Amino acid sequence: MVSKTEEAEVNRLESQADNGGGGEWEYLSLVRKLKLRRPDKVLKHGLTILNDPKKRSSLGHDEWTLYEQVAIAAMDCHCLDVAQDCIKVLQKKFPESKRVGRLEAMLLEAKGSWAEAEKAYLSLLEDNPLDQVILKRRVALTKAQGDISGAIQRLSEYLEVFMADHEAWRELAEIYVSLQMYKQAAFCYEELILSQPMIPLYHLAYADVLYTLGGLENLQTAKKYYASTIDLTGGKNNRALFGVCLCTFAVAQLTKGRYKEDKESPELQSLAAAALEKDYKLRAPSKLSLLGSTLRSLKLSS
Amino acid sequence: MGGESRYEIGQNAYIKLVLHALKHKTSAVNGVLLGRLSGSDASPVVEVTDSIPLFHSQIGVLAPLEIALIMIEEYYGAQGLSIVGYFHANERFDDAELGNIAKNIGDHIYKNLPQAALLLLDNKKLEALSKQKEMAPVMQLFTKDASKSWKLVGSDGSSRLLLKEPSANIVLMDYISSGKWMDIIDFDDHLDDISKDWLNSELFK
């Protein structure tokens, strides 16, 4: 997850490099640090450096890291020849390297040679059975072949060992959501919130899943988590603001006045609506009237 | 009752959907189709005059979808148009299956319009566009038949999904090579930053 300032910085460096203003190495280093996936830009700017002997040698030892980064970007862009060339350079410099072996296996994956890639990963795992990158690549391999339940199983086994790997929990949650297995997705988000309670993204995702599951209890809990998202983001998260409005409406529909709403809620919904109106007025005035009618359609009470 | 419906998709509606899929190559994307029912009873036509790219993440959750649909129905209702279908592009290149999320959303649209169309991006056809001219849209059409299940239309060779403008694919290829997909905004982008216009009103200017 990347902050707005980090994203702005990487975008600035990207357009600088795009417009011939240099700074490719700074851009590529930041992309690597933030673990962003921008393969076409990484490929383009990485090759600018690698194809220029002077620029390449000025990198010193970082040259090899760049070859690796470009190889992976090339595979992501399906430029397999470029990837192969980069890997060859690395093989020559670091024969017998496990890290290069991993790249070779990834290239097999990129080519669609599933069985060979699996074999390569398994043999790499023999010497290092706890290599997290390889274990996760095996999950990706299973998913790429369309075996989603197999991917879920491998990922769940991985998480039994590496239960602190937040990205893996997120991936598992997203797979569950794509299969409409919302209860299981909710469990993943619960794990994430337990381990990192101050990250609003998890509260929001959890609320979204609970809202989707529906039913009075889930809707009430969803509302609480939309509210905590609003809290954690200083009221700036429009998804959560909409979420509060949706939950209040849905609960009202379900209960039809048969039971007393908790006291804070009518204020919560009107505060959320007011916050949305304020934001739209300022930043999306052409959509303000659409927002107004949307909020009105959600304020129908029994 | 009437004849089988034909589906005619306008150039801008078509291009927006494909560009959206290309902007988010590593995830599934979806969108809604706007338009109207026309033609005659014997030869009904569903005209898809516009499309709204919706999401590129967490496609299975309901809250953002509900907000989007309320706003979209409100906006287009004022123009006499309604939601006539749904578009989906799968995450993986090889996956040509119409998933359950698409079917569920399709069912919802079907309640108001029995001729509702589900369009699934055909990745192989899209890839082939760069190699050979193609007049047909790079999508597969599914409709609900009498058995109330979503069936692929046209596997018998009949084409009921047509591009309104025959040169739409040429224009699409042009946009692809100029990287136009970078400019597409979807509802996800709008929810993250409301200053982004999900109507894409400036896109084709």
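User: Which residues of chain A does the UniProt annotation "domain: EMC2 TPR-like" cover?

Analyst: The unreviewed entry assigns that annotation to residues 100-209 of chain A; UniProt positions are given in the numbering used here, with feature names shortened, and annotations may be inferred rather than shown by experiment. The model is predicted, so local features need pLDDT of at least 70 and side-chain atom pairs count only at pLDDT 80 or more, while totals for chains, interfaces and linings use all residues. Residues are numbered from 1 along each chain as its sequence is written, chains are lettered from A and ligands numbered from 1 in the order in which they are written, and side-chain values use heavy atoms, leaving out hydrogens and water.

User: Why is A:Lys35 called exposed?

Analyst: Exposed means over 50% relative accessible area, buried under 20%, and partly exposed in between (1.4 Å probe, protein chains only). A:Lys35 has 75% and is therefore exposed. A:Lys35 sits in the loop between α2 (24-34) and α3 (39-50) of chain A, and its phi is positive, about 55°, although the residue is not a glycine. Most residues other than glycine have a negative phi.

User: Why does B:Lys148 count as exposed?

Analyst: The relative accessibility of B:Lys148 is 53%, so this residue also counts as exposed. B:Lys148 belongs to the loop between β6 (139-144) and β7 (150-153) of chain B and has a positive phi near 60°.

User: What area is buried between chain B and chain A?

Analyst: About 2,600 Å² is buried, and carbon and sulfur atoms give 59% of this; buried area is the accessible area (1.4 Å probe) that two parts lose on being put together, summed over both. B:Gln58, B:Met71 and B:Ile194 supply 23% of the area that chain B buries against chain A, more than any other three residues. The contact (heavy atoms within 4.5 Å) takes 34 residues from chain A and 29 residues from chain B.

User: What makes B:Asp197 and A:Lys287 a salt bridge?

Analyst: The term requires a side-chain nitrogen of Lys or Arg within 4 Å of a carboxyl oxygen of Asp or Glu. The closest N and O atoms of B:Asp197 and A:Lys287 are 2.6 Å apart, so the pair qualifies. The rule finds five salt bridges across this interface of chain B and chain A.

Methods: Helix = DSSP H or I, 4+ residues; strand = E, 2+ residues; numbered from the N terminus.
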